[in-house]
Amino acid sequence: MKNGLVLFLLLSGLVLNAQNLEAGLLLGGANYRGDLSENSQRIILSETGGSGGVFLRYNVHRFVSLRLGFQFAQISGTDANANDEAIRNRNLSFRSNIFEGMLGVEWNILGYQPYNLRSGFSPYLFGGVALFGYNPVTDYQGSVVRLQPLGTEGQGMPGRPDAYKKSSLAFPVGIGFKYALNDKLNIGLELGVRLTKTDYIDDVSTTYVDLQDLAAANGELAAALSSRTGELQGGEPVSFPAGAPRGDDQTRDLYFIGGVFISYNFLDNGLVGARGRFRGKRSGCKTD
């Protein structure tokens with residue numbers, strides 16, 4: 001009997017708090033900043049790819065929400081779009097799919113309470129932590145080549161770093177605004193940047209390795225895709241001095257996700273009273 005009462009109270013609490021939960025869909029675009037975006041100097045808008053994801057949002061308070069999200073994004077970069085001729089001559093390129101799981105906190109600046117539409121609009125800031133996977137590829141002689149297994153910067157060779165992992169932590173931060181269409185549906189816009197812990201989303205970070213040594217250790221394909229300047233001249237790969245800069249390892253890669261979202265409020269089946277766009281004074285107790 002006692003256990004049954006505890007279970008009843010727990011279930012009742014879940015039902016009563018169901019009004020605090022939303023499920024949503026976000027669709028938009030993604031971009032990146034790294035070694036193949038003008039050596040981290042700018043964002044190249046023409047390289048924007050698509051993104052989409054789903055999320056659960058729990059409204060702890062009208063000023064604070066927790067969010068769990070899963071996002072897919074497409075990013076790319078190519079030296080051909082650089083303004084700097086030396087970078088264009090480097091002639092590297094990549095693209096990658098991003099798969100991200102994120103846990104975050106939102107601060108609703110004006111307060112947000114869509115359930116009785118009392119506070120049905122607010123800009124917000126968010127931050128959190130994410131785990132994401134990536135896998136840079138490039139096009140070479142009509143084929144799509146995965147770059148990470150090649151070790152284009154001599155990964156695994158004596159005195160060189162180990163192969164980088166195809167997953168990393170990131171710290172999402174961003175801004176947005178949300179608006180309650182009614183007591184069931186919310187819409188909004190959001191833009192966020194992911195501050196990552198890796199400089200290898202684009203497979204470029206450190207310095208060139210001697211091409212003969214690289215070919216002997218990691219294969220001819222690794223050497224061919226380590227230095228692609230020769231392709232512009234219709235010849236063999238150009239061998240740069242070992243230790244010459246290939247990328248910029250002083251800054252880590254970033255990626256951006258932005259778009260529009262729509263979310264659905266899980267209602268409480270009327271247990272907290274009538275709903276309607278708040279106008280003027282309300283009778284009864286006021287809730288936050």
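User: What is a nonpolar core here?
Analyst: A nonpolar core is a set of buried Ala, Val, Leu, Ile, Met, Phe, Trp, Tyr and Cys residues joined through side-chain atoms within 4.5 Å. Buried means under 20% relative accessible area, exposed over 50% and partly exposed in between (1.4 Å probe, protein chains only). This is a predicted model, in which local features need pLDDT of at least 70, side-chain atom pairs count only at pLDDT 80 or more, and totals for chains, interfaces and linings use all residues. Residues are numbered from 1 along each chain as its sequence is written, and side-chain values use heavy atoms, with hydrogens and water left out.

User: Which residues touch the most other members of the largest one?
Analyst: They are Ile-75 and Tyr-255, in a core of 37 residues.

User: What is Tyr-255 in contact with?
Analyst: Leaving aside neighbours within four places in sequence, the contacts of Tyr-255 (heavy atoms within 4.5 Å) include Ile-75, Ile-98, Phe-132 and Ile-201.

User: Changing topic: is Asn-59 buried or exposed?
Analyst: Asn-59 is buried, because its relative accessible area is 5%.

User: Which side chain does it join in a polar contact?
Analyst: The side chain of Asn-59 joins that of Ser-65 at 2.6 Å. A polar contact is a pair of N or O atoms within 3.5 Å; within protein, one must be able to donate a hydrogen and the other to accept it, and residues adjacent in sequence count only if both atoms are side-chain atoms.

User: Where is Asn-59 placed?
Analyst: Asn-59 lies in strand S2, residues 49-61. Strands (E, at least two residues) and helices (H or I, at least four) are DSSP runs, numbered from the N terminus.
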